[in-house]
Amino acid sequence: MFENFRVFETELAGRPLKIETGKMACLANGACLVRYGDTAVHCAVTMSAKPRDGIDFFPLSVDFEEKLYSVGKIPGSFLKREGRPSDKAILASRLIDRPVRPLFNKDMRNDVSVVATVMSVDQDCSPEIAAMIGVSTAITISDIPWNGPISGVSVGYVDGEYVINPTAEQKAKSQMAVTVASTEKKVAMIEAGANEIPEDVMLEGILFGHKTNLKIVQFIQDIQAQIGKEKVVVPSLEPDPELLEAVKAFAIEDVKAALDTDDKKVRDERLKPVYTAVHEKFDELYPDQAAAIDECLYRTQKYVVRRWLLDEQKRVDGRGMDEIRPLAAEVGLLPRVHGSGMFTRGQTQVLTVATLGPVSDQQMLDGIDPQEFKRYMHQYNFPSYSVGETRPSRGPGRREIGHGALAERALEPVIPDVDEFPYALRLVSEVLSSNGSTSQGSICGSTLALMDAGVPIKAPVAGISCGLITEGERWMTMVDIQGLEDFFGDMDFKVAGTHKGITAIQMDLKIDGLTPEIIKEALEKTRKARLYILDDVMLKVIPEPRKELSKYAPKMLSTTIPVDKIRDIIGPGGKIIQKMCAECDCKIDVEEDGRVFIASVNTEGAERALNMIKTITSDPEIGAIYKGKVTRLMTFGAFVEIAPGKEGLVHISRLDVKRVEKVEDVVNVGDEVMVKVTEIDSQGRLNLSRRDALIEVEGLVPENDVPPTRPQRSGRPPMGGHRPPRRN
């Protein structure tokens, strides 16, 4: 039945890699099923028959679809089916999109849809890597014009050795997680997170991954040679050369004058009359060619900027190639939040706000990844006013999620462990003004906010970007690119790190790839710029994290109890823990391993709850003093609860340092009193003394030294129990 069914096999990182074609999704332009270990990802690519009219971009969509059946889970939603993509699925889509997109024909205007469906997951064999290889194969064997293939691998660094596609066990030990995509000649994409890795170690790891990729690229090329379809010819969209030269000659001097400023708003205003003048001159000469005229103006601007950079070493704002725009940093801008920091670089400005909460506020994840919770969360918002535009906010898009994840990855290595700092952390970066490198501005602003909040981070982190202009064999890089240089340039190479080393990298390209020499220079330039930002700007504003948390932040106490005592502090139906939370005005979280976290804005309440928990989970000792609450009054004394479920009797003779005629003369129900354990009988019942506690704690002197009457135990319930019913 499946006469075109083929299976192609190779090995990747010691595990079998199989690509099956000709059986599934045969109506797509190209499709394959990738099996890597027990991971299976189906990849399909389709292209519309005709170009989309009236657009000046390539409409490509890449979707990485997580199916929870792939890991034996049922979705947790009410509908019990997958909903919108998770953040990790969106990041995986972007990871595939970035190396694939630049290799399509620049004249493509046909809609192209790429779908990678995760059907089975072996946690030792990354579905993201399998999807990247599968997408590359599907496009390569299809009739869609493309200058691939590519391959992608993950590189770990375990015990001083590089590891390709590390297993789950190796990932837990690895000092870096680097995804490298390559064509047959160059590095096409880099995405990295690392624990302060030096630049030379990072570069060697990237090249190590690139070398492995070349073998898989050859494997995909062999598949194409056997079953690949003939590629469709895309009609050229190049403007009339005569029109291009005429527009350039007419407008180039005006374009130069308009672009020669560091103010984005001024530049945009200067360009408006240039567009008007060009259309007035050429619309009649070239009827129905308005879009082509706009394209010629775009190319003229691109020509001017690239000539300035390559030939004159000139930047639009007059800076040197390695010079950073004016910088400013501030902390403590918002009085009621837990921490805030604002970082300004030229016309790019980002305000980050830090919020601390109990560990139970951590994010619950429902995906194919084994990670179930995320304690440190970073979110990035990019409102339209930040670029001077008017449009309604529609929630975070893929770009916002990607930039937030990059900042999160950059700072995660310096966030203290939960045992050291038992908080959940949420950082929100609000882009107030954007003229390039807002993601790196959010990293700097977030470091400031964390330090302002008193989070004991291991080291401050800063981020900076490096741009690239290429022409044939010529190339040059520049530090801290602004919007125009990003728009007309070939690369945005973002690097974040500490004084010690790199914590995150993200590389966006508009060309087919980078050589090792370009990567090495970009890493070195960003290292120098990063150190300058840290030492000369950020650390001068706040040299270290604040010693104390904001008075509005919850105060957190923690302890560890025996696992078999967890039920004692939870109580039946949660009654005891709910009572403690209400009485102490706090929130108590109990982990399965016995760790207990107590959060309260009131330190006294948190300490009281901690003492209660210690009292519940440990047996009272004779001579120990507790703060308890009077629960019942009897003629012979008062019952005092020293912890939920633990109650003892204070005999009337031990209520005060003086003689007591009536219990009500000294205490009432609900009063909080200090008591001392004087006896624990054979049934575990407690005898307590307020008199002894007053003498020992407050130093009061008794009126006489006559020994108090021994308390009567008859009819009193055992500790924590109830009075037995009377018999008639």
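**Ground rules**

I number residues from 1 along each chain as its sequence is written, and I leave hydrogens and water out, since side-chain values use heavy atoms. The model is predicted, and local features need pLDDT of at least 70, side-chain atom pairs count only at pLDDT 80 or more, and totals for chains, interfaces and linings use all residues.

**Salt bridges**

I counted a salt bridge wherever a side-chain nitrogen of Lys or Arg lies within 4 Å of a carboxyl oxygen of Asp or Glu. The count by this rule is 53 salt bridges.

D260 and K314 form a salt bridge through their side chains, at 3.3 Å from N to O. The two residues are 54 residues apart and so link distant parts of the chain: D260 sits in the loop between α5 (241–259) and α6 (264–282), and K314 in the loop between α7 (290–312) and β11 (327–331). For elements I used DSSP runs numbered from the N terminus, with helices (H or I) of at least four residues and strands (E) of at least two. For accessibility, I took buried as under 20% relative accessible area, exposed as over 50%, and partly exposed as in between (1.4 Å probe, protein chains only). D260 has a relative accessible area of 39% and is partly exposed. K314 is also partly exposed, at 24%.

E544 and K547 make another salt bridge, with the closest N and O atoms 3.5 Å apart. I found E544 partly exposed at 43% relative accessibility, while K547 is exposed at 72%.

In the pair E641 and K579, the closest N and O atoms are 3.0 Å apart. E641 is buried at 16% relative accessibility; K579 is partly exposed at 33%.

I also noted one network, in which salt bridges with shared partners join R315, D317, R319, R325, R345, D480 and E485.

**Cysteines**

How many disulfides does the structure hold? I found 0, taking a disulfide as a pair of cysteine sulfur atoms within 2.5 Å. I checked two cysteines to see why. For C32, the closest cysteine sulfur is that of C43, at 5.0 Å, which is too far for a bond. For C444, the closest cysteine sulfur belongs to C466, at 16 Å, again too far for a bond. C32 is buried at 2% relative accessibility, and C444 is buried at 0%.

**V121**

I placed V121 in the loop between β6 (110–120) and α2 (127–141). Is V121 buried or exposed? V121 counts as buried, at 14% relative accessibility. I took contact to mean heavy atoms within 4.5 Å. Neighbours within four places in sequence aside, V121 contacts D38, T39, S70, V71, P127 and I368. I also checked G72, which is 49 residues from V121 along the chain; their C-alpha atoms are 9.3 Å apart.

**Annotated site**

From UniProt I took the feature "binding site" (unreviewed entry), placed at D486 and D492. UniProt positions follow the numbering used here, feature names are shortened, and annotations may be inferred rather than shown by experiment.

D486 is in helix α10 (residues 483–488) and is partly exposed at 26% relative accessibility. Beyond four places in sequence, D486 is in contact with I481, D492 and K510.

D492 is in strand β20 (residues 491–497) and is buried at 7% relative accessibility. With residues up to four places away left out, D492 touches S465, C466, I481, D486, Q506, M507 and D508.

**Helix α1**

For its 14 residues the helix should span 20 Å, and the end C-alpha atoms are 20 Å apart, which agrees.

I then looked at its cover. Helix α1 is mostly covered, with 11 of its 14 residues buried. Among the buried residues are A89, I90, R94 and D97. The buried residues of α1 pack against β5 (60–66), α2, β9 (176–182), β10 (187–197), α8 (398–411) and β21 (502–509).

How values were computed
The expected span of a helix is 1.5 Å times one less than its number of residues.
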